[in-house]
Amino acid sequence: MEYKKVNQNIGNVVNEQVKKLAQLFPAAVKDGEVDFQALKEELGQFEGTGNEKYELTWAGKKNAKKIAQEDIVGKTLKFIPEDSKNVDTTENLYIEGDNLEVLKLLRQNYYGAVKLIYIDPPYNTGNDFVYNDSFVMEQTKSDFAEGVASELGEKYVINKESQNRYHARWLNMMYPRLKIARDFLRDDGVIFISIDDNEQENLKEICDEIFGNNNFAAQIVWERSFAPVNLKKHFSESHDYILCYAKNFAEFSCNGLPRNNESDSRYSNPDNDMRGPWTAGDLSVGPVIESKVYEIITPSGRIVLPPSGYCWRLDQKTFYEYVKDNRIWFGENGNNVPRIKRFLSEVKQGITPMTIWKYQDVGHSQDATKALKRLFDDKLYFDYPKPVDLIKRCMQLYTDDNSVILDFFSGSATTAQAVMQLNADTNGNRKYILIQLPEETDKKSIAYNDGYKNICDIGKERIRRAGEKIRRENPNATIDIGFKVFRVADTNIKWNSLMDAGQLDLAQMETTPDLVDFTPDAKDVDIVYELMLRQRNIPLSETLEQLSDIGSRTYLYAGSYLVCLETEITTELINKLAGLDPTPIKFIFRDSAFKDDIALKDETFRTLKAFVEKNVGNSKITYTVEFI
């Protein structure tokens, strides 16, 4: 019998894409390989006279595409309970690490699960850190691709404008992250990206390529400041941009902005219409359609025609139907030019947003800085955070009460505060996933001297303080103000068995069984989470339960995944596992725990199969058994 092993790799992106392609175009995939000439012909594209096409290209683009598709090997996410809050109930995640690595680690768990992504990446001003993904390459290849020399192993460096490949380095950082992020979005999902003039044009072009220009929704202008900077020689920039793209425009819908007293104040009910408050709209419209030019006699007897160059919006038959239904307003004295009554009860409840977002509505940079200072006892730990109301507006437009929101350049964690605040406002249950590289704070800074050694320290403390503040201000609301913290770490599992390699004999297995499968000092909880990263659609926020009545190292994750890390498997243990109710959908065992007892392995399969079939009856549940 062949025994299935847990896959070391976390989702093979290329293989999955090839399988999807084969379903759409079978003739273009032969023996698992793509025949690109056949694919072009399937798409109706035949060789022409030239190969030129319109696209943005830069030094290192091919490598950026390659990085997006490479597997993540030898890495995991380590649970940090001491930094977490309300771990037994929270559904929020805060993850420390290189966001490219984290996105790859999470991709399989959250594929197509995120409703909204908001990111505020480095703007490439000449002083920003950019991620140096060439750390995985040989030094000479890195120099060639980037045009600069950097110390091998650096994961982020300052991208100075004077350096060669200034724009290329920023594009090489952004492209693979956006490429992978697209996979996280639901079909009706949306991404918002803050940016300024330094890279706005390039960002839009790579987003057109990754998300499709047909999925471009808007380029929003945010008024981030209101006072001119007189030191500027020509113009004082007072705005940033926010690019907005849908995953699939056909599935994309906007909630609109909540109606407010100002918008509703335009509605009144002077004639006591039973349908409630209304406002009057112009009945005339241009250009002229002759059939809609006709005389209207007002109740006072005055004859009116549409203005020159205009016609009425309604044809004559429809107009008199509106009059009969009391939908035409001639003024209190019945002598005015007719107007159409538009009832508040009939307009859509969400106001269509404009593409210019004023600071009075969503805040500005100075306000955001002051608000963050107040949260930290009037100490400035972080420069230029985004306003909470800015991110709240994005979520108001495109999330529902149970949406998952992702921010993989989380900075000071404004997104987490915005999620909690909007949940308090709407009694919602939105969840967030925040990812941030632990960039060190300046050793001369107030933040560093106060114990915040990196940006993640600031972000986590901001969430704690903001959550408690929101709870105090909303005592009757049920708000998730907790979060689980994970950190990128080296793998806990020795995927290539030392037994297979002949490096351990049975005598060594008896004295040091964990060294067969795991790295020194590996904790069971981290091993379980690492195994869960290899499952599909299983959030890291699910419950983890130790089944102490079965064994000291047997765990149940999300009520469905049984992970048995016991060093010895017995028939009694298997019988207990098989009797679990509800029945797990997957059982994971240590291969070394069976030692060389192939008969026990076979018996495990038979016993589990028999008990599962007995327990589930006709429900036809599927289950699998895997080994590490």
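Two strands are taken to pair if DSSP finds at least two bridges between them, and I begin there because the first pairing I want to show, in what is a predicted model, rests on that criterion. Strand β5, residues 114–119, and strand β21, residues 404–407, pair in the parallel sense over two bridges, and within that pairing Leu116 has Ile405 of β21 as its bridge partner.

Stepping back to the sheet as a whole, we have an open sheet of 10 strands with mixed pairing, whose order reads β3-β23-β4-β22-β21-β5-β8-β10-β9-β20. The edges are taken by β3, residues 75–79, and β20, residues 356–357, each of which has a single partner strand, so that one side of each is left without a neighbour in the sheet.

Helix α15, residues 455–473, lies across β4, β22 and β23, and runs at about 170° to β4, while helix α18, residues 524–532, lies across β3 and β23, running at about 130° to β3.

Finally, a helix pair. Helix α6, residues 166–184, packs with helix α7, residues 200–212, at an angle of about 30°, their axes being 10 Å apart; since angles under 35 degrees count as roughly parallel, that makes α6 roughly parallel to α7. The crossing of α6 past α7 is right-handed. On the α6 side the contact is made by residues including Trp170, Leu171, Met174 and Leu178, and on the α7 side by residues including Leu203, Ile206, Ile210 and Phe211. Taken together, the residues of this contact between α6 and α7 divide into 10 nonpolar, two polar and three charged.

Terms used. Residues numbered from 1 in each chain as written. Predicted model: local features only at pLDDT ≥ 70, side-chain atom pairs only at ≥ 80, totals over all residues. Heavy atoms only, no water. Axes fitted to C-alpha atoms, helices over the stretch in contact; angles between N-to-C directions. Helix = DSSP H or I, 4+ residues; strand = E, 2+ residues; numbered from the N terminus. Parallel < 35°, antiparallel > 145°, perpendicular 65-115°, else oblique. Left-handed = near helix turned anticlockwise from the far one by under 90°. Contact = heavy atoms within 4.5 Å. Nonpolar A, V, L, I, M, F, W, Y, C, P; charged D, E, K, R; others polar.
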